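Work through these exercises with the model open. Try each task before you read its solution.

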Amino acid sequence: MPPGSSRRARARSWLLLSLALALAAPVLVVAGSWLAGASPNWAHLRATVLPDYARLSLLLAAGTGLGTLVIGVGAAWAVARLRFPGHGVLEWALLLPLACPAYLIAYTWTGLLASEGALQRALSLPLPDIRGPTGAVAMFTLVLYPYVYLMARAAFVGQAALAQEVARTLGAGPCRRFFRVALPLARPAIVAGLALVLMETLADYGTVAYFGVPTLSTGIYRTWFGLGDRLAAAQLAGVLLLAMVALLWVERRARQQRRIAGAESPPAPPRVLSRGRGLLLAALLWLPVVFGFLLPVIQLAAWSLPRWRGLLAPEFLRLLGTSLLIAACTAAAATALGLLLVWARRLHADRPRRLAARLAGFGYAVPGTVLAVGVVIVLAGLDRGLNGALAAVGLPRPGLLFSGTLFAVIFACTVRFLTIPVQGLDAGLQALSPNLDSAARSLGRRPPGLLRHVHLPLLRVPLATSALLVFVDTLKELPAALVLRPFNTNTLAVRAFELASDERLADAALPALAILLAGVAPVLLLTRSMRPAGHGAPGGARLSMESHAEESHADPR
């Protein structure tokens, strides 16, 4: 490479790293909040509410982790290793609760179990009030177990028959073979799925705020808006961020060990159950699907039908328009930035470009409340600096250009969901042979032409899939939109949360149902990725969806 070209490449590398650092600035600000010293209110928080925040956060994480392990691992083993009536449908139906955010299922189950609710009327029995830590654990378990199910199922399907046969010849029965052979071999994948569950549980705001459970996530919001102490909120966010970093480290370590089950023999054949036992197992496996998806959808639809004219009401159309605008802008920005960072690393994988891509992929582990605190600090400082600079030269001050507009919400969601296109497009590019690049360069294609005529046509599916995932995840995002939205501006998620908080559950049904139905699309894509190669989604879509499942949401959440 000529000296001039080498210098230009290094300059571009450092420019890309600067861009990644700018995107990571909100997280870095929160992480560095302790450098300014403890907030004056920190001693008060530590002596009064911080122990409860930490205790209840750990309680929710422990309860949800246990529940998702039982359902996710049990369902994965049954689907992967057994054959029974309805197996083919359950294989993908068990993923449907991923489409339902935890805060939406909390609203619907509160309505179902209320004194005038459908279940209360149908059963004519006094039903418990689920609003509390136990109810929050139940809601999280119902919508988050698919993370463990997805990871564990892939591990169980790929396990070789040789290990099972050796255990059988040594006299091990089915239960002992499961606990002593299959489960240890699948442990890295299960731990990775469990880490994602715990991150989602600790990051949640809508469910715990609606149920009145004080956690670290709700404590950040209360400290900021209740005490008016931005520094204390940032430092509390730093505590939650530290927990996320620890969980992310555990997940990365587990994924590095996922090839522990590699073997030369083919996978073990599944066992066919008798009709009676198969029907009983199928009925048990349908329970989390019914409670985590079907009943909430039916309840939301029942609430929405008498209000269907509200779809054309100006208020709903404004909500829908604002939500679609934020989601579309975020999807476009995140996909474009992800493509830029990943493609630049493919051209020249030096250390700054590798670090830039790694920084861009960290946002998904950061809770929306933590990210909102960092975005406000960064953008408010940018607004103050811009207004001060213009005033110094005698120009009028423009006011809040960044922190007081929809730009703040779009920026926060872009940082949070940038990891989806980064991971999906990176997987798609890795599937393309480097010989394609060499052939294109030998024909005179420079990097822009290489991207336009070679890479982009081959990345259409992962590009579209990544954009769709970011779009849907942005529609569901509650904490960042709740904190950063401009005055008198709402999204579907925020409006549903406000109406549910005012106990107007039926009125919250239309925006809630719109969010839930939007979440079905990426779940359907994910179900296609579970099919054998050549019978499901194209390779790019499959790679993108698998990367999203391993890195995130979902969740679509």
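Helices (H or I, at least four residues) and strands (E, at least two) are DSSP runs, numbered from the N terminus. The model is predicted: local features need pLDDT of at least 70, side-chain atom pairs count only at pLDDT 80 or more, and totals for chains, interfaces and linings use all residues. Residues are numbered from 1 along each chain as its sequence is written, and side-chain values use heavy atoms, with hydrogens and water left out.

**Exercise 1.** Locate Asp204 and decide whether Asp204 is buried or exposed.

Solution. Start with the position: the loop between α9 (174-203) and α10 (206-211) holds Asp204. Next, apply the cut-offs: buried is under 20% relative accessible area, exposed is over 50%, and partly exposed is in between (1.4 Å probe, protein chains only). Asp204 has 11%, so it is buried. Last, list the contacts (heavy atoms within 4.5 Å). Leaving out residues up to four places away in sequence, Asp204 touches Ala102, Phe140 and Ser217.

**Exercise 2.** Examine the phi angles of Asn488 and Glu503.

Solution. Recall the background: most residues other than glycine have a negative phi. Asn488 is not a glycine, yet its phi is positive, about 65°. Glu503 is not a glycine either, and its phi is also positive at about 65°. Now place them. Asn488 sits in the loop between α22 (479-484) and α23 (492-501). Glu503 is in the loop between α23 and α24 (509-529). Check the accessibility. Asn488 is exposed at 72%, while Glu503 is partly exposed at 44%.

**Exercise 3.** How many disulfides does the count give?

Solution. Set the rule: a disulfide is a pair of cysteine sulfur atoms within 2.5 Å. The count is zero. Now look at two cysteines. Cys100 is buried, with a relative accessible area of 1%. Cys329 is partly exposed at 32%.

**Exercise 4.** Where does Leu280 lie?

Solution. Leu280 is in helix α13 (residues 275-304). Its relative accessibility is 56%, so Leu280 counts as exposed.
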